[in-house]
Amino acid sequence: MSSKRIYKTEAGATVHGVMAEFANPGDLYHAAEIVRDAGVRDWDVYSPFPIHGIEEAMGLKANRLPLIVGVVGLTMACVGFGFQYYVRAVEYPIVHQGKPPDSWQVLVPVTFELGVLFTAFTCILGMFIFNRLPMWHHPLLKKERFLRTSDDRFIIAVEASDPKFVPQETREMLLKAGATRVELVEE
Amino acid sequence: MSVIRPDETTARELAGMQPVGPSARPLDPRTGDGTLTEDNTKRAPLVLGERDFHSVTETVCGYIEKGPGRWWLPAFIGAAQVAGLMPIMIIYLIITGVGVWGLNNQIDWAWDITNFVFWIGIGHAGTLISAILCLLKQKWRTSINRAAEAMTIFAVICAGTFPGIHVGRVWMSWMLFPIPNSNAIWSNFSSPLLWDVFAVSTYATVSALFWYMGMIPDFATLRDRAALRLLGDKDRAPRLPIVGVKVDQVRAMVYGLLSGGWRFSARHWQNYEKAYLMLAGVSTPLVLSVHSIVSFDFATSILPGWHTTIFPPYFVAGAIFGGFAMVLLLLIPSRELCPGMKDFITRRHLENMAKIILLTGMMVGFAYFMEFFIAAYSANKYEIDVFVYNRLMPPFASEWFGTHRFAPYWWAYWAMIFCNVVTPQVFWFKKLRQNIGVIFTVAAFVTVGMWFERFVIIVTSLHRAFLPGEWHMFFPTAVDILTFVGSCGTFLTLYLLFMRFLPQFAMSEIKAVMPQADPHYYGHRGGGQAHGHGDGQDHGPDHGGGGGGGGGGHAAGVKHDPAGPGSPTTGGAA
């Protein structure tokens, strides 16, 4: 994350990066391809909705969230099954309704529900953790124009921590990529 | 700002010749609002009114920021009064005992479990819309999923109350859960009643998670709008009455907290969409399992009328059937009361839901028939009797057949058949299933019919079991009735609060299915060259259809940017 060069504005604030506005999802998509091909590492695209195919335009790789969710869900289903079996067959064996204490079939519904429950917990927790959320502060959230992303703006932000980041050059690259406006973002 | 190309209607609106809003647009007699087209070469639009992204945000957030309308407060007060009946009746029940209900030795489940199954079934449509239609990539779900999910949560809240209070000693309800206790007794894991505890609590939790996760980006939108207004005007902003804090400060705080600092990053969207899809993936078997397990409460017993293998699919189809009816009962009035919604919930949406009602209604009708067939085919005397002489036979027909035995609850059975099997058949006719009044009427009938279905299954099966000496009728008491009425009030109150304080539409999802959201909509223009214009200027899309994505072109008559898009900020300081 840490870059050796630290840029300061004239007012003395540390530069977080630059943000560029684009007119529409189409321009944003093409600009994302340009920034990707420039080999920038610390950057991101901001849009009010997920744009179809933007992962390819940005060169993002899939993460392991599905794997983690699957493993946790199955594990918790097994734990749930084991707990029920222990209670019914080992800890306090008792014949209910003529069903033998060690029958496994009767344990299926609760096992399934527990698997689903923990899969769902992992999905949402995993989403938060992979996204490093919740994080209620961010330099970009201080920018008035950035706040309009949640409505209808399309933005690419390149962070100063990127090895290739040079304020003037990055700005020109973004303008050349079709930005309607480029702004400096202070920490 | 972007150039919007006004169509004739918008031009008339701008010139003040026509009132603004979707209800002001003339309806085509053939295609309604333009979505009932039969042209197979093109899809019906999902969002009407030449809307751009900004006007979607304006409309949806407007219901929260300006309120849904003057009708809201009286409606809320009325609903809350009715909802108040529920805690009163429950407290009366707890301090007096279950004897305040009309239960007796033979009928030990009646309105309580009927209401439970009724409400839990209502919820299923919400999960179907949000999960199954999501997996099937049905884009039209985006404008109804939020409301349907909200309805699910509120229905499950109403449902969960009834098993909790029907246990008799309510203070022992915690024993439903497998918690170690001084008696060293565990819950009976082989009992469907315990499965039900797990199914319903999992369902409530997962539905709430799904709902919350869908709202995260919309909370962030509300947060940003409040923050922008705070940046804009300093002192004239409305304040809370007594504490004197600006309303927008509270909004920025609360919605900001709920949004978890969401900032619409593509890297976040990638994880978000994946997690959402997986959540939809697990919710799909979940929604099928929940009502299956509810049906096990009955199907695993040996009581004739309950002991059938068709129950799980029959219950699931019935749940979706009843749930869609409730979605329509809520959405049709709300789109009349908030006319802006008509651009999102189009006539096509209503027609689609009518088709689902017809389909699931046929499934339910098939199940009703199949129960009779199996009873006859099994040649089991008890099974045949429970269907013919507990449910089917009206007094006049028994005279006619000369049996002199009739089903005391025949009216409940035939009410169910009429509401659930007969009335949806009107949807075979295109004219009728496209008529909003007809859809609403059928939905009301179906909701009543689905309540009767559960009443028929539970009470008529119980009231005459094996030994005639045990036979009893069930008569509801005032407490029975008022508790149910109170639960309807609770449901409506919660829904009205949702309409007032939470985004009723998934804005980010609606925007994503609009044609302007597709990068290819703008054509390949050489990597967006030659767009280096000055402050806030951008191009409208090459094709027609409203202001383009970028510039936030305002829809006619909506102008709400607090700071103004052209506010001078020093651009490009780098």
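**Figure 1. Crossing of helices H3 and H4 in chain A of the predicted model.** The axes of H3(A) (residues 65-91) and H4(A) (residues 108-130) come within 8 Å and cross at roughly 145 degrees. Helices (H or I, at least four residues) and strands (E, at least two) are DSSP runs numbered from the N terminus; axes are lines fitted to C-alpha atoms, for helices over the stretch in contact, with angles from 0 to 180 degrees between N-to-C directions. The crossing is right-handed, that is, the near helix is turned clockwise from the far one by less than a right angle. Residues of H3(A) in the contact (heavy atoms within 4.5 Å) include Val72(A), Gly73(A), Met76(A) and Phe81(A); those of H4(A) include Leu114(A), Gly115(A), Phe118(A) and Cys123(A). The contact has 13 nonpolar, eight polar and no charged residues. Ala, Val, Leu, Ile, Met, Phe, Trp, Tyr, Cys and Pro count as nonpolar, Asp, Glu, Lys and Arg as charged, and the others, Gly among them, as polar.

**Figure 2. Interface of chain B and chain A.** Here 87 residues of chain B are in contact with 87 residues of chain A. The buried area (accessible area, 1.4 Å probe, lost by two parts on being put together, summed over both) is about 7500 Å², and carbon and sulfur atoms give 63% of it. One salt bridge is counted between the two chains, with the side chains of Asp44(A) and Arg267(B) at 3.7 Å, N to O. A salt bridge is a side-chain nitrogen of Lys or Arg within 4 Å of a carboxyl oxygen of Asp or Glu. On the side of chain B that touches chain A, helices H2 (53-65), H6 (192-232), H7 (247-259), H8 (266-299) and H17 (507-513) of chain B each give two or more residues. That side has 38 nonpolar, 38 polar and 11 charged residues.

**Figure 3. Salt bridge of Arg225(B) with Glu65(B).** The side chains meet at 2.8 Å, N to O. Arg225(B) is in helix H6 and Glu65(B) in helix H2 of chain B, 160 residues apart. Over all chains, the whole structure has 26 salt bridges.

**Figure 4. Backbone at Pro134(A) and Phe264(B).** The peptide bond from Leu133(A) to Pro134(A) is cis, with omega near -5 degrees; Pro134(A) is in the loop between H4 and helix H5 (144-147) of chain A. Phe264(B), in the loop between H7 and H8 of chain B, has a positive phi near 60 degrees. Most residues other than glycine have a negative phi, and most peptide bonds are trans.

**Notes.** Residues are numbered from 1 along each chain as its sequence is written, and chains are lettered from A and ligands numbered from 1 in the order in which they are written. In this predicted model local features need pLDDT of at least 70 and side-chain atom pairs count only at pLDDT 80 or more, while totals for chains, interfaces and linings use all residues; side-chain values use heavy atoms, with hydrogens and water left out.
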